[in-house]
Amino acid sequence: MKIADIRATTVTVPIEAPLRHSGGAHWGRFVRTIVELESEDGLVGLGEMGGGGESAELAFAGLKPYLIGHDPFELEALRFKICNPTASLYNNRTQLHAAIEFACLDLIGQRLDVPVHDLLGGKLRNEVPFASYLFFRYANRESSDGEVRTPAQLVAHASELRSREGFTVHKLKGGVFPPDYELECFRALAAAFPDEAVRYDPNAALSVEEAIRFGTAIEDLRNDYFEDPTWGMNGMRRVREAVGIPLATNTVVVTFDQLAANIRDPAVDVILLDTTFWGGIRPCVKAAGVCETFQLGVAVHSSGELGIQLATMLHLGAVLPNLTFAADAHYHHLVDDVIEGGKLPYAAGAIRVPDGPGLGVRLDRERLARYAELYEELGSYPYDRDPGRPDWFATVPNREWANPNVSVVPDLSAPPAADPVRRRT
């Protein structure tokens, strides 16, 4: 089997309300680049990539000479073609490679008429549980609904999600408001569900000292882990030494070199495997094997996925013997998807692992066209900017927090930028 063509289409899919994080916001929608690899015999494998609110179409177009004629079964050769470690000093293509690897595995599965999880060693579970993944949110500009700013709003939102989707693990994305205020919010969340696990993730916005103070203040709760409270391996190591909660990361251990460093001098207890950040599903499986050997915990990380990347997370979660934590997903914030049938359903807080050939999901061409047109209308947005605080830029650690006493409905028109994809004719 040979690759005959690659196509990339940028889409933007609305979410219920703008999501706030320590570095900026998701501006009421996710921007994703959908990748299609077509084989010479007409099979189409699917991939997906994010990119901080921006399109990656041009980057994928630049890889066409690397891919035409390549056999998708030759995955190791593909890895060195796309992201040779020396060449990547100048053009880091890890996330581009991930989307292409997804599509190659999809092609292989279709050719062999088996699901991707069979290519990875066979599934150990039929469904993958997920955490609720809660954000502080601006209200939806059109409906004026959906704001999450106060402890009461946070608990009400978590309760609604629990009733609707069945989540029994609750994660709060913080780093937005002053730490003492977020501590109040997090403790209110834990008090609302005293028999269920909780997680707090301020996206490395806290200083080491602030992280230690916050961590010791929540030691009595039923914490899965304390995720990325501060930046850097040594900062995490200092927090780990002072706080009696396992530390987790998706920022400072995302390569095998970093994983090796963490094993030699532990700073993190739980590694959050992201099929995009690590460069594909297969690198995540390899990393999980290393973690199993050295008794590190693993979980599955989320990066704002639509159904194609969600399928990669499900196949990954299905085959990991040491997956003992519920996975993360932004997925429940979406109002729609680009795959046939729309969004994959939750049941009791879990999503069933696809059993169809390849990734087990296919594109809905009408939805793809609709959300590609919406992207051309709205364009990109800057993930690292907060539309409610247009003059603010994040620092690490942060000292300029949002005001929790002010309710804002921001303008979601992105600042003008040169965007050749948006202006194509």
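Me: Buried means under 20% relative accessible area, exposed means over 50%, and partly exposed lies in between (1.4 Å probe, protein chains only). What makes Trp 278 count as buried?

Reply: Trp 278 has a relative accessible area of 6%, and because buried means under 20%, Trp 278 is called buried. Phe 256, in contrast, has 35%, which lies between 20% and 50% and is therefore partly exposed. This is a predicted model, in which local features need pLDDT of at least 70 and side-chain atom pairs count only at pLDDT 80 or more, while totals for chains, interfaces and linings use all residues. Residues are numbered from 1 along each chain as its sequence is written, and side-chain values use heavy atoms, with hydrogens and water left out.

Me: How many aromatic pairs does a search of the whole structure find, and why is the one between Phe 214 and Phe 226 called stacked?

Reply: The search finds twelve aromatic pairs. Phe 214 and Phe 226 have their centres 6.2 Å apart, with 20 degrees between the planes. Rings of Phe, Tyr and Trp (its six-membered ring) pair if their centres lie within 6.5 Å, and planes under 30 degrees apart count as stacked, over 60 as edge-to-face and the rest as tilted, so this is a stacked pair. Phe 214 lies in helix H8 and Phe 226 in strand E10, so the pair ties together parts that are twelve residues apart in sequence; helices (H or I, at least four residues) and strands (E, at least two) are DSSP runs, numbered from the N terminus.

Me: Why is the pair of Phe 256 and Trp 278 called edge-to-face?

Reply: The ring centres are 5.2 Å apart and the planes stand at 80 degrees, and since an angle over 60 counts as edge-to-face, the pair takes that name. Phe 256 is in helix H10 and Trp 278 in the loop between strand E12 and helix H11, 22 residues apart.

Me: How do you know that the charged end of Arg 385 sits over the ring of Phe 393?

Reply: A charge sits over a ring if NZ of Lys or CZ of Arg is within 6 Å of the ring centre and within 35 degrees of the ring normal. Arg 385 is 3.9 Å from the centre of the Phe 393 ring, which meets the distance condition. Likewise, Arg 389 lies over the face of Trp 392, at 3.8 Å from the ring centre.
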